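Here's a quick briefing on pockets, cavities, salt bridges and a surface patch. Have the viewer open as you read.

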Amino acid sequence: MNLFDILGPIMVGPSSSHTAGAVRIGYITRKLLRAEPVEITIKLHGSFAATGTGHGTDRALVAGLLGMRPDDMQIPSSLEIARSKGISVSCSTVKLRDAHPNTAMLQVKSADGRSLEVVGASLGGGRVRIESVDGLEANFSGEYPTLIVRNTDQPGHVAEVTTTLAQLKLNIATLQLYRDTRGGSAVMVIECDTPIPSQAVTWLESLPGILKVTYVNVEEA
Amino acid sequence: MAFTSIEQLEALAAQPTPLWRAIMTADAREQGLSEEESLRRMNGMWQAMRSASRDYSAAARSSSGLSGGDGQRMLDYAACGIGGEFFSQVIAEALKMGECNACMKRIVAAPTAGSCGVLPAVLIPFQQKHGTQDETMVHALYLAAAFGQVIASRACIAGAEGGCQAEVGAAAGMAAAALVFLKGGTVSAMAHACAIALGNLLGLVCDPVAGLVEVPCIKRNVIGAMAALSSADMALAGITSRIPADEVIDAMREVGDALPASLRETGRGGLAATPTGQKIARQLNLEPK
Ligand code: SF4
(Lines give C-alpha, C1' and ligand atoms only; values in the text may rest on other atoms or scores of the structure.)
Protein backbone atom coordinates (compact mmCIF):
# COMPACT_ATOMS: atom_id res chain seq x y z
CA MET A 1 0.00 0.00 0.00
CA ASN A 2 1.65 3.24 -1.05
CA LEU A 3 1.43 6.61 0.68
CA PHE A 4 -1.33 7.84 -1.63
CA ASP A 5 -3.48 4.85 -0.77
CA ILE A 6 -3.36 6.14 2.80
CA LEU A 7 -3.74 9.85 2.07
CA GLY A 8 -6.12 9.88 -0.80
CA PRO A 9 -7.81 9.40 -3.06
CA ILE A 10 -9.37 12.79 -3.57
CA MET A 11 -12.91 11.56 -3.93
CA VAL A 12 -16.59 12.30 -3.81
CA GLY A 13 -18.09 11.09 -0.51
CA PRO A 14 -19.46 9.45 1.45
CA SER A 15 -17.42 6.24 1.81
CA SER A 16 -13.97 5.30 0.57
CA SER A 17 -14.78 1.61 0.52
CA HIS A 18 -18.43 1.85 -0.49
CA THR A 19 -18.11 4.78 -2.89
CA ALA A 20 -14.53 5.33 -4.13
CA GLY A 21 -13.60 1.63 -4.09
CA ALA A 22 -16.86 0.74 -5.81
CA VAL A 23 -16.27 3.36 -8.53
CA ARG A 24 -12.91 1.75 -9.09
CA ILE A 25 -14.32 -1.78 -9.36
CA GLY A 26 -16.81 -0.48 -11.91
CA TYR A 27 -14.10 1.36 -13.79
CA ILE A 28 -11.81 -1.68 -13.98
CA THR A 29 -14.75 -3.79 -15.17
CA ARG A 30 -15.42 -1.30 -17.96
CA LYS A 31 -11.75 -1.48 -18.93
CA LEU A 32 -11.92 -5.28 -18.95
CA LEU A 33 -15.01 -5.18 -21.14
CA ARG A 34 -13.32 -2.59 -23.38
CA ALA A 35 -16.66 -0.92 -24.04
CA GLU A 36 -19.50 0.87 -22.34
CA PRO A 37 -21.86 -1.77 -21.03
CA VAL A 38 -25.46 -1.72 -22.24
CA GLU A 39 -26.67 -4.10 -19.56
CA ILE A 40 -25.50 -4.04 -15.96
CA THR A 41 -26.40 -6.58 -13.28
CA ILE A 42 -25.04 -5.79 -9.83
CA LYS A 43 -24.96 -8.30 -6.98
CA LEU A 44 -23.85 -7.03 -3.60
CA HIS A 45 -22.38 -9.21 -0.86
CA GLY A 46 -21.74 -8.72 2.88
CA SER A 47 -21.55 -5.15 4.11
CA PHE A 48 -22.05 -3.99 0.53
CA ALA A 49 -25.37 -5.82 0.61
CA ALA A 50 -26.29 -4.56 4.08
CA THR A 51 -25.56 -0.87 3.57
CA GLY A 52 -24.85 -0.61 -0.12
CA THR A 53 -27.75 1.60 -1.12
CA GLY A 54 -27.23 4.01 1.77
CA HIS A 55 -23.60 4.50 0.87
CA GLY A 56 -24.49 4.85 -2.79
CA THR A 57 -22.56 1.70 -3.71
CA ASP A 58 -24.89 0.95 -6.63
CA ARG A 59 -24.49 4.51 -7.92
CA ALA A 60 -20.74 4.26 -7.48
CA LEU A 61 -20.41 0.95 -9.34
CA VAL A 62 -22.52 2.31 -12.18
CA ALA A 63 -20.50 5.55 -12.21
CA GLY A 64 -17.31 3.52 -12.67
CA LEU A 65 -18.94 1.44 -15.40
CA LEU A 66 -19.81 4.73 -17.13
CA GLY A 67 -16.12 5.64 -17.04
CA MET A 68 -16.16 8.03 -14.09
CA ARG A 69 -13.26 8.34 -11.67
CA PRO A 70 -13.70 8.49 -7.88
CA ASP A 71 -13.51 12.31 -7.81
CA ASP A 72 -16.15 12.87 -10.48
CA MET A 73 -18.82 15.23 -9.21
CA GLN A 74 -21.41 13.42 -11.35
CA ILE A 75 -21.21 10.20 -9.31
CA PRO A 76 -24.36 11.07 -7.33
CA SER A 77 -26.39 11.14 -10.56
CA SER A 78 -24.90 8.08 -12.29
CA LEU A 79 -28.13 6.05 -12.21
CA GLU A 80 -30.01 8.86 -13.96
CA ILE A 81 -27.20 9.21 -16.50
CA ALA A 82 -27.28 5.47 -17.20
CA ARG A 83 -31.04 5.62 -17.64
CA SER A 84 -30.80 8.52 -20.06
CA LYS A 85 -28.30 6.52 -22.10
CA GLY A 86 -30.71 3.59 -22.20
CA ILE A 87 -28.44 1.33 -20.14
CA SER A 88 -30.37 -1.24 -18.14
CA VAL A 89 -29.27 -1.54 -14.51
CA SER A 90 -30.46 -4.08 -11.98
CA CYS A 91 -29.22 -4.51 -8.43
CA SER A 92 -29.73 -7.30 -5.91
CA THR A 93 -27.89 -9.00 -3.07
CA VAL A 94 -26.02 -12.28 -3.06
CA LYS A 95 -24.16 -14.46 -0.54
CA LEU A 96 -20.73 -15.40 -1.87
CA ARG A 97 -18.60 -18.01 -0.12
CA ASP A 98 -15.47 -16.85 1.72
CA ALA A 99 -15.73 -13.41 0.19
CA HIS A 100 -14.41 -10.15 1.65
CA PRO A 101 -17.21 -8.22 3.43
CA ASN A 102 -17.23 -5.52 0.76
CA THR A 103 -17.65 -7.54 -2.38
CA ALA A 104 -19.60 -6.88 -5.57
CA MET A 105 -20.28 -9.15 -8.49
CA LEU A 106 -20.81 -7.32 -11.77
CA GLN A 107 -22.29 -8.95 -14.84
CA VAL A 108 -22.08 -6.70 -17.86
CA LYS A 109 -22.88 -6.92 -21.54
CA SER A 110 -21.53 -4.81 -24.37
CA ALA A 111 -23.50 -3.59 -27.39
CA ASP A 112 -21.77 -6.17 -29.60
CA GLY A 113 -23.03 -8.99 -27.38
CA ARG A 114 -19.93 -9.77 -25.32
CA SER A 115 -20.50 -10.47 -21.66
CA LEU A 116 -18.23 -10.42 -18.67
CA GLU A 117 -18.51 -11.28 -15.00
CA VAL A 118 -16.20 -9.62 -12.50
CA VAL A 119 -16.06 -10.11 -8.74
CA GLY A 120 -14.28 -7.31 -6.92
CA ALA A 121 -13.63 -6.50 -3.28
CA SER A 122 -13.20 -3.04 -1.83
CA LEU A 123 -10.44 -3.27 0.74
CA GLY A 124 -10.71 0.16 2.37
CA GLY A 125 -9.28 3.57 1.58
CA GLY A 126 -10.46 3.21 -2.02
CA ARG A 127 -8.22 0.24 -2.78
CA VAL A 128 -9.70 -2.77 -4.49
CA ARG A 129 -8.89 -6.32 -5.48
CA ILE A 130 -10.43 -8.00 -8.49
CA GLU A 131 -11.06 -11.52 -7.22
CA SER A 132 -12.23 -13.24 -10.35
CA VAL A 133 -12.95 -12.64 -13.99
CA ASP A 134 -15.52 -14.88 -15.67
CA GLY A 135 -15.46 -17.27 -12.74
CA LEU A 136 -11.70 -17.82 -12.81
CA GLU A 137 -9.58 -16.55 -9.95
CA ALA A 138 -7.71 -13.37 -10.83
CA ASN A 139 -6.54 -11.45 -7.76
CA PHE A 140 -5.12 -8.13 -8.93
CA SER A 141 -5.43 -4.55 -7.73
CA GLY A 142 -5.60 -2.59 -10.95
CA GLU A 143 -2.79 -0.41 -9.59
CA TYR A 144 -0.42 -1.72 -12.27
CA PRO A 145 -0.89 -2.33 -15.97
CA THR A 146 -2.27 -5.87 -15.79
CA LEU A 147 -2.37 -8.62 -18.35
CA ILE A 148 -4.76 -11.53 -17.93
CA VAL A 149 -3.95 -14.41 -20.20
CA ARG A 150 -6.23 -17.39 -20.44
CA ASN A 151 -4.63 -20.41 -22.03
CA THR A 152 -4.95 -24.17 -22.27
CA ASP A 153 -3.14 -25.79 -19.36
CA GLN A 154 -0.10 -27.05 -21.27
CA PRO A 155 3.62 -26.58 -20.69
CA GLY A 156 5.37 -23.63 -22.31
CA HIS A 157 2.75 -20.89 -22.23
CA VAL A 158 4.22 -19.09 -19.25
CA ALA A 159 7.62 -19.04 -20.94
CA GLU A 160 6.08 -17.72 -24.18
CA VAL A 161 4.36 -14.89 -22.44
CA THR A 162 7.24 -13.89 -20.17
CA THR A 163 9.70 -14.06 -23.07
CA THR A 164 7.50 -11.73 -25.10
CA LEU A 165 7.41 -9.28 -22.20
CA ALA A 166 11.18 -9.59 -21.67
CA GLN A 167 11.84 -8.85 -25.35
CA LEU A 168 9.84 -5.68 -24.96
CA LYS A 169 11.89 -4.85 -21.85
CA LEU A 170 8.73 -4.83 -19.71
CA ASN A 171 9.42 -5.55 -16.08
CA ILE A 172 7.01 -7.91 -14.31
CA ALA A 173 5.92 -6.80 -10.83
CA THR A 174 3.90 -9.91 -9.96
CA LEU A 175 2.94 -13.10 -11.75
CA GLN A 176 0.20 -15.48 -10.65
CA LEU A 177 -0.98 -18.72 -12.13
CA TYR A 178 -4.34 -20.41 -11.67
CA ARG A 179 -6.12 -23.24 -13.38
CA ASP A 180 -9.48 -24.88 -13.05
CA THR A 181 -8.51 -28.49 -13.72
CA ARG A 182 -5.32 -30.19 -14.86
CA GLY A 183 -5.11 -29.90 -18.64
CA GLY A 184 -8.17 -27.60 -18.64
CA SER A 185 -7.93 -23.86 -18.89
CA ALA A 186 -5.44 -21.81 -16.95
CA VAL A 187 -5.02 -18.15 -16.20
CA MET A 188 -1.92 -16.02 -15.83
CA VAL A 189 -2.29 -12.68 -14.14
CA ILE A 190 0.71 -10.48 -14.75
CA GLU A 191 1.16 -7.04 -13.24
CA CYS A 192 3.82 -4.97 -15.00
CA ASP A 193 5.66 -1.84 -13.94
CA THR A 194 5.03 -0.07 -17.24
CA PRO A 195 2.21 -0.05 -19.80
CA ILE A 196 2.08 -2.89 -22.32
CA PRO A 197 1.86 -1.87 -26.00
CA SER A 198 -1.27 -3.03 -27.79
CA GLN A 199 0.76 -4.87 -30.45
CA ALA A 200 2.13 -7.12 -27.71
CA VAL A 201 -1.41 -7.92 -26.59
CA THR A 202 -2.44 -8.77 -30.16
CA TRP A 203 0.69 -10.85 -30.66
CA LEU A 204 0.07 -12.85 -27.50
CA GLU A 205 -3.50 -13.45 -28.53
CA SER A 206 -2.33 -14.95 -31.83
CA LEU A 207 -0.20 -17.62 -30.16
CA PRO A 208 -1.55 -21.18 -30.30
CA GLY A 209 -3.02 -22.37 -27.03
CA ILE A 210 -3.73 -18.82 -25.86
CA LEU A 211 -7.49 -18.51 -25.56
CA LYS A 212 -7.99 -14.91 -24.53
CA VAL A 213 -5.85 -11.97 -23.54
CA THR A 214 -7.28 -9.12 -21.52
CA TYR A 215 -5.31 -6.04 -20.67
CA VAL A 216 -6.20 -3.29 -18.25
CA ASN A 217 -4.37 -0.13 -17.49
CA VAL A 218 -6.46 1.95 -15.16
CA GLU A 219 -4.20 4.99 -15.49
CA GLU A 220 -4.72 5.23 -19.23
CA ALA A 221 -7.52 7.56 -20.27
CA MET B 1 9.31 -0.44 0.19
CA ALA B 2 6.22 0.19 2.28
CA PHE B 3 6.81 0.71 5.98
CA THR B 4 5.61 -2.13 8.14
CA SER B 5 6.76 -0.96 11.56
CA ILE B 6 7.12 2.29 13.46
CA GLU B 7 10.53 0.96 14.50
CA GLN B 8 11.59 1.19 10.86
CA LEU B 9 10.60 4.84 10.81
CA GLU B 10 12.53 5.48 14.01
CA ALA B 11 15.60 3.81 12.51
CA LEU B 12 15.28 5.93 9.38
CA ALA B 13 15.25 9.07 11.50
CA ALA B 14 18.81 8.28 12.63
CA GLN B 15 19.98 9.14 9.08
CA PRO B 16 20.96 12.71 8.22
CA THR B 17 18.15 13.06 5.61
CA PRO B 18 15.00 14.61 7.07
CA LEU B 19 12.51 11.83 7.81
CA TRP B 20 9.74 13.20 5.57
CA ARG B 21 12.17 13.23 2.64
CA ALA B 22 13.38 9.68 3.33
CA ILE B 23 9.73 8.58 3.42
CA MET B 24 8.98 10.37 0.16
CA THR B 25 12.07 8.98 -1.58
CA ALA B 26 11.33 5.40 -0.55
CA ASP B 27 7.72 5.63 -1.72
CA ALA B 28 8.49 7.47 -4.96
CA ARG B 29 11.07 4.85 -5.89
CA GLU B 30 8.65 2.04 -5.16
CA GLN B 31 5.93 3.64 -7.26
CA GLY B 32 8.21 4.69 -10.07
CA LEU B 33 7.35 8.35 -9.46
CA SER B 34 9.81 11.23 -9.62
CA GLU B 35 10.22 13.10 -6.37
CA GLU B 36 8.74 16.22 -7.97
CA GLU B 37 5.67 14.22 -8.99
CA SER B 38 5.29 12.78 -5.50
CA LEU B 39 5.55 16.25 -3.95
CA ARG B 40 3.11 17.62 -6.49
CA ARG B 41 0.60 14.90 -5.61
CA MET B 42 0.96 15.35 -1.87
CA ASN B 43 0.56 19.09 -2.30
CA GLY B 44 -2.58 18.26 -4.30
CA MET B 45 -3.93 16.38 -1.26
CA TRP B 46 -3.22 19.34 1.00
CA GLN B 47 -4.80 21.83 -1.40
CA ALA B 48 -7.85 19.55 -1.79
CA MET B 49 -8.28 19.48 2.01
CA ARG B 50 -8.09 23.27 2.08
CA SER B 51 -10.54 23.76 -0.75
CA ALA B 52 -13.01 21.30 0.78
CA SER B 53 -12.86 23.38 3.96
CA ARG B 54 -13.12 26.67 2.06
CA ASP B 55 -16.02 25.49 -0.11
CA TYR B 56 -18.01 24.20 2.84
CA SER B 57 -21.58 25.25 2.53
CA ALA B 58 -23.57 25.72 5.73
CA ALA B 59 -26.76 25.26 3.72
CA ALA B 60 -25.84 21.88 2.22
CA ARG B 61 -27.74 18.86 3.53
CA SER B 62 -27.05 15.19 2.92
CA SER B 63 -29.58 13.34 0.78
CA SER B 64 -30.90 11.57 3.88
CA GLY B 65 -31.48 14.95 5.51
CA LEU B 66 -29.60 13.77 8.61
CA SER B 67 -26.59 16.05 8.32
CA GLY B 68 -25.49 19.54 7.48
CA GLY B 69 -24.98 22.90 9.09
CA ASP B 70 -23.25 21.78 12.30
CA GLY B 71 -19.80 22.98 11.21
CA GLN B 72 -21.22 26.48 10.83
CA ARG B 73 -23.04 26.22 14.16
CA MET B 74 -19.74 25.41 15.84
CA LEU B 75 -17.94 28.24 14.06
CA ASP B 76 -20.56 30.73 15.16
CA TYR B 77 -20.03 29.60 18.73
CA ALA B 78 -16.22 29.35 18.51
CA ALA B 79 -15.39 32.49 20.50
CA CYS B 80 -17.24 31.16 23.57
CA GLY B 81 -15.67 27.71 23.38
CA ILE B 82 -14.79 26.08 26.71
CA GLY B 83 -11.39 25.03 25.41
CA GLY B 84 -10.73 28.38 23.72
CA GLU B 85 -11.07 29.47 20.13
CA PHE B 86 -8.44 27.13 18.70
CA PHE B 87 -10.18 24.04 20.10
CA SER B 88 -13.54 25.24 18.81
CA GLN B 89 -12.03 25.70 15.37
CA VAL B 90 -10.69 22.17 15.42
CA ILE B 91 -14.14 20.87 16.33
CA ALA B 92 -15.75 22.99 13.59
CA GLU B 93 -13.24 21.88 10.98
CA ALA B 94 -13.84 18.19 11.78
CA LEU B 95 -17.60 18.68 11.49
CA LYS B 96 -17.31 20.64 8.26
CA MET B 97 -15.24 17.97 6.59
CA GLY B 98 -17.49 15.15 7.78
CA GLU B 99 -20.50 17.05 6.46
CA CYS B 100 -18.85 17.69 3.10
CA ASN B 101 -18.32 13.96 2.81
CA ALA B 102 -21.90 13.12 3.75
CA CYS B 103 -23.15 15.64 1.19
CA MET B 104 -21.18 13.90 -1.58
CA LYS B 105 -18.70 16.73 -1.98
CA ARG B 106 -15.07 16.25 -2.93
CA ILE B 107 -12.88 15.32 0.06
CA VAL B 108 -9.56 13.58 0.71
CA ALA B 109 -9.82 10.09 2.20
CA ALA B 110 -7.42 10.23 5.16
CA PRO B 111 -7.20 7.31 5.53
CA THR B 112 -10.88 6.81 4.63
CA ALA B 113 -13.77 9.05 3.66
CA GLY B 114 -15.58 8.44 6.95
CA SER B 115 -12.52 9.67 8.84
CA CYS B 116 -11.62 12.40 6.34
CA GLY B 117 -12.10 15.18 8.88
CA VAL B 118 -9.47 14.30 11.48
CA LEU B 119 -6.29 15.42 9.71
CA PRO B 120 -7.66 18.66 8.22
CA ALA B 121 -9.34 19.42 11.55
CA VAL B 122 -6.00 19.71 13.31
CA LEU B 123 -3.83 20.81 10.38
CA ILE B 124 -5.89 23.69 8.97
CA PRO B 125 -6.34 25.56 12.29
CA PHE B 126 -2.68 24.83 13.13
CA GLN B 127 -1.54 26.50 9.94
CA GLN B 128 -3.86 29.46 10.54
CA LYS B 129 -2.59 29.92 14.05
CA HIS B 130 1.12 29.55 13.34
CA GLY B 131 1.32 30.84 9.77
CA THR B 132 3.13 27.63 8.75
CA GLN B 133 4.26 27.37 5.12
CA ASP B 134 2.26 25.06 2.84
CA GLU B 135 5.51 23.23 2.13
CA THR B 136 5.88 22.26 5.79
CA MET B 137 2.24 21.18 5.95
CA VAL B 138 2.91 18.88 2.99
CA HIS B 139 5.93 17.43 4.82
CA ALA B 140 3.66 16.75 7.79
CA LEU B 141 1.32 14.83 5.47
CA TYR B 142 4.21 12.53 4.47
CA LEU B 143 4.74 11.74 8.14
CA ALA B 144 1.04 11.12 8.67
CA ALA B 145 0.87 8.87 5.62
CA ALA B 146 3.88 6.82 6.71
CA PHE B 147 2.34 6.21 10.14
CA GLY B 148 -0.90 5.30 8.39
CA GLN B 149 0.95 2.92 6.12
CA VAL B 150 2.27 1.02 9.13
CA ILE B 151 -1.23 0.86 10.63
CA ALA B 152 -2.62 -0.41 7.32
CA SER B 153 0.05 -3.07 6.99
CA ARG B 154 -0.04 -4.40 10.57
CA ALA B 155 -3.78 -3.95 11.08
CA CYS B 156 -6.24 -2.38 8.66
CA ILE B 157 -7.91 0.88 7.76
CA ALA B 158 -11.48 -0.15 7.00
CA GLY B 159 -14.44 -0.01 9.37
CA ALA B 160 -15.83 -3.18 7.79
CA GLU B 161 -12.68 -5.02 8.85
CA GLY B 162 -11.57 -3.41 12.08
CA GLY B 163 -14.34 -1.12 13.28
CA CYS B 164 -14.07 2.64 13.66
CA GLN B 165 -10.78 2.35 15.57
CA ALA B 166 -9.35 1.45 12.15
CA GLU B 167 -10.74 4.62 10.58
CA VAL B 168 -11.07 7.43 13.12
CA GLY B 169 -8.54 5.71 15.39
CA ALA B 170 -5.99 5.37 12.60
CA ALA B 171 -6.61 8.96 11.49
CA ALA B 172 -6.05 10.17 15.06
CA GLY B 173 -2.75 8.29 15.28
CA MET B 174 -1.63 9.76 11.97
CA ALA B 175 -2.71 13.28 12.91
CA ALA B 176 -0.99 13.04 16.31
CA ALA B 177 2.30 12.15 14.61
CA ALA B 178 1.88 15.01 12.12
CA LEU B 179 1.26 17.52 14.94
CA VAL B 180 4.38 16.42 16.80
CA PHE B 181 6.33 16.91 13.58
CA LEU B 182 4.91 20.41 13.11
CA LYS B 183 5.93 21.31 16.65
CA GLY B 184 9.47 20.10 15.92
CA GLY B 185 9.23 16.96 18.07
CA THR B 186 11.39 13.88 17.64
CA VAL B 187 10.31 10.77 15.76
CA SER B 188 10.19 8.96 19.07
CA ALA B 189 7.68 11.55 20.32
CA MET B 190 5.70 11.06 17.09
CA ALA B 191 5.61 7.32 17.75
CA HIS B 192 4.41 7.88 21.33
CA ALA B 193 1.77 10.35 20.18
CA CYS B 194 0.50 7.88 17.60
CA ALA B 195 0.50 5.05 20.15
CA ILE B 196 -1.39 7.11 22.74
CA ALA B 197 -4.01 8.34 20.26
CA LEU B 198 -4.63 4.90 18.81
CA GLY B 199 -4.54 3.26 22.22
CA ASN B 200 -7.14 5.69 23.53
CA LEU B 201 -9.54 4.89 20.72
CA LEU B 202 -9.02 1.13 20.84
CA GLY B 203 -12.30 -0.73 20.56
CA LEU B 204 -14.19 2.06 18.82
CA VAL B 205 -16.96 0.30 16.91
CA CYS B 206 -18.32 1.02 13.46
CA ASP B 207 -22.07 1.45 13.77
CA PRO B 208 -23.37 3.86 11.15
CA VAL B 209 -27.09 4.55 11.49
CA ALA B 210 -28.95 3.30 8.41
CA GLY B 211 -25.54 2.36 7.03
CA LEU B 212 -24.87 5.99 6.14
CA VAL B 213 -21.52 7.65 6.81
CA GLU B 214 -23.23 10.36 8.85
CA VAL B 215 -24.26 9.29 12.35
CA PRO B 216 -21.99 8.85 14.31
CA CYS B 217 -19.22 9.34 11.73
CA ILE B 218 -19.29 13.12 11.43
CA LYS B 219 -19.02 13.80 15.17
CA ARG B 220 -16.55 10.96 15.58
CA ASN B 221 -14.11 12.94 13.50
CA VAL B 222 -14.18 15.43 16.36
CA ILE B 223 -13.10 12.86 18.94
CA GLY B 224 -10.36 11.72 16.55
CA ALA B 225 -9.05 15.27 16.25
CA MET B 226 -9.25 15.81 20.02
CA ALA B 227 -7.39 12.56 20.64
CA ALA B 228 -4.71 13.68 18.18
CA LEU B 229 -4.25 17.06 19.89
CA SER B 230 -4.11 15.69 23.41
CA SER B 231 -1.83 12.80 22.46
CA ALA B 232 0.55 15.10 20.58
CA ASP B 233 0.68 17.46 23.54
CA MET B 234 1.33 14.59 25.95
CA ALA B 235 4.14 13.24 23.77
CA LEU B 236 5.67 16.71 23.36
CA ALA B 237 5.53 17.12 27.14
CA GLY B 238 7.71 14.03 27.40
CA ILE B 239 4.95 11.60 28.37
CA THR B 240 5.44 8.19 26.81
CA SER B 241 3.13 5.38 25.86
CA ARG B 242 3.99 2.40 28.05
CA ILE B 243 3.07 0.12 25.15
CA PRO B 244 5.19 0.73 22.01
CA ALA B 245 3.35 1.96 18.91
CA ASP B 246 3.83 -1.24 16.91
CA GLU B 247 2.30 -3.29 19.71
CA VAL B 248 -0.63 -0.90 20.04
CA ILE B 249 -1.28 -1.33 16.32
CA ASP B 250 -1.10 -5.12 16.66
CA ALA B 251 -3.57 -4.88 19.54
CA MET B 252 -5.86 -2.81 17.32
CA ARG B 253 -5.84 -5.61 14.80
CA GLU B 254 -6.72 -8.19 17.42
CA VAL B 255 -9.50 -6.08 18.83
CA GLY B 256 -10.81 -5.57 15.30
CA ASP B 257 -10.79 -9.31 14.63
CA ALA B 258 -12.68 -9.87 17.88
CA LEU B 259 -15.43 -7.38 17.00
CA PRO B 260 -18.63 -9.07 15.94
CA ALA B 261 -19.86 -8.37 12.42
CA SER B 262 -22.68 -6.26 13.87
CA LEU B 263 -20.08 -3.66 14.91
CA ARG B 264 -18.17 -3.59 11.64
CA GLU B 265 -20.04 -1.34 9.24
CA THR B 266 -23.06 -3.55 8.77
CA GLY B 267 -25.42 -1.01 10.35
CA ARG B 268 -26.72 -3.74 12.69
CA GLY B 269 -25.17 -2.87 16.04
CA GLY B 270 -24.25 -0.01 18.34
CA LEU B 271 -25.99 3.29 17.62
CA ALA B 272 -27.46 1.83 14.43
CA ALA B 273 -29.35 -0.77 16.47
CA THR B 274 -30.87 1.70 18.96
CA PRO B 275 -34.63 2.25 18.68
CA THR B 276 -34.05 5.70 17.20
CA GLY B 277 -31.31 4.44 14.90
CA GLN B 278 -33.64 1.77 13.60
CA LYS B 279 -36.48 4.20 13.26
CA ILE B 280 -34.32 6.47 11.11
CA ALA B 281 -33.32 3.51 8.96
CA ARG B 282 -36.97 2.53 8.54
CA GLN B 283 -37.99 6.05 7.63
CA LEU B 284 -35.25 6.22 5.02
CA ASN B 285 -36.15 2.77 3.82
CA LEU B 286 -32.56 1.68 4.45
CA GLU B 287 -32.95 -1.19 6.86
CA PRO B 288 -30.04 -3.64 6.85
CA LYS B 289 -30.91 -6.71 4.78
S1 SF4 C 1 -18.53 4.59 12.26
FE2 SF4 C 1 -17.83 3.27 10.62
S3 SF4 C 1 -18.38 4.31 8.72
FE4 SF4 C 1 -18.47 5.82 10.41
S5 SF4 C 1 -16.43 6.77 10.42
FE6 SF4 C 1 -16.39 5.11 11.88
S7 SF4 C 1 -15.60 3.39 10.70
FE8 SF4 C 1 -16.26 4.90 9.22
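Predicted model: local features only at pLDDT ≥ 70, side-chain atom pairs only at ≥ 80, totals over all residues.

Residues are numbered from 1 along each chain as its sequence is written, chains are lettered from A in the order in which they are written, and side-chain values use heavy atoms, with hydrogens and water left out.

**Largest pocket**

- The largest pocket comes out at about 1,400 Å³. A pocket here is an open set of points on a 1 Å grid over the protein atoms alone, with protein on both sides within 12 Å along at least five of seven lines, and lining residues have an atom within 4 Å of a point. Grid points are joined across faces, edges and corners, and a volume is the space filled by probe spheres set on the points.
- Its lining takes in 45 residues, and A:Asn2, A:Asp5, A:Arg24, A:Glu143 and A:Glu219 lie nearest the centre.
- H3(B) is the top contributor to this lining, with 5 residues. Helices (H or I, at least four residues) and strands (E, at least two) are DSSP runs, numbered from the N terminus.
- Sorted by class, you get 18 nonpolar, 12 polar and 15 charged residues around the largest pocket. Ala, Val, Leu, Ile, Met, Phe, Trp, Tyr, Cys and Pro count as nonpolar, Asp, Glu, Lys and Arg as charged, and the others, Gly among them, as polar.

**Cavities**

- There are 3 cavities of 30 Å³ or more, a cavity being a set of points where a 1.4 Å probe fits but cannot get out.
- The largest cavity holds about 160 Å³, and among its 19 lining residues B:Gly114, B:Glu167, B:Cys206, B:Val213 and B:Cys217 lie nearest the centre.
- H2 of chain A and helix H11 (217-236) of chain B each supply at least two residues of that lining, which splits into 8 nonpolar, 7 polar and 4 charged residues.
- The second largest cavity has about 90 Å³ of space, with A:Val133, A:Ile148 and A:Lys212 among its lining residues.

**Salt bridges**

- The count over all chains is 18 salt bridges, each a side-chain nitrogen of Lys or Arg within 4 Å of a carboxyl oxygen of Asp or Glu.
- A:Arg127 pairs with A:Glu143, with the closest N and O atoms 4.0 Å apart. This pair links distant parts of the chain, from strand S6 to the loop between S7 and S8 of chain A, 16 residues apart.
- A:Arg127 is buried at 17% relative accessible area, while A:Glu143 is partly exposed at 31%. Buried means under 20%, exposed over 50%, and partly exposed in between (1.4 Å probe, protein chains only).
- In chain B, B:Arg21 and B:Glu35 form a salt bridge at 3.5 Å between the closest N and O atoms. B:Arg21 sits in helix H2 and B:Glu35 in helix H3, 14 residues apart.

**Nonpolar patch**

- A:Val158, A:Leu175 and A:Leu177 make up a nonpolar surface patch with about 230 Å² of accessible area together. Patches use residues with over 30% relative accessible area and no salt bridge, joining like charges within 9 Å and nonpolar side chains (Val, Leu, Ile, Met, Phe, Trp, Tyr) within 5 Å. Accessible areas come from the Shrake-Rupley method with a 1.4 Å probe; for residues, only the protein chains shown count as cover.
- A:Leu175 is in strand S9 (residues 172-179) of chain A and is partly exposed, at 37%.
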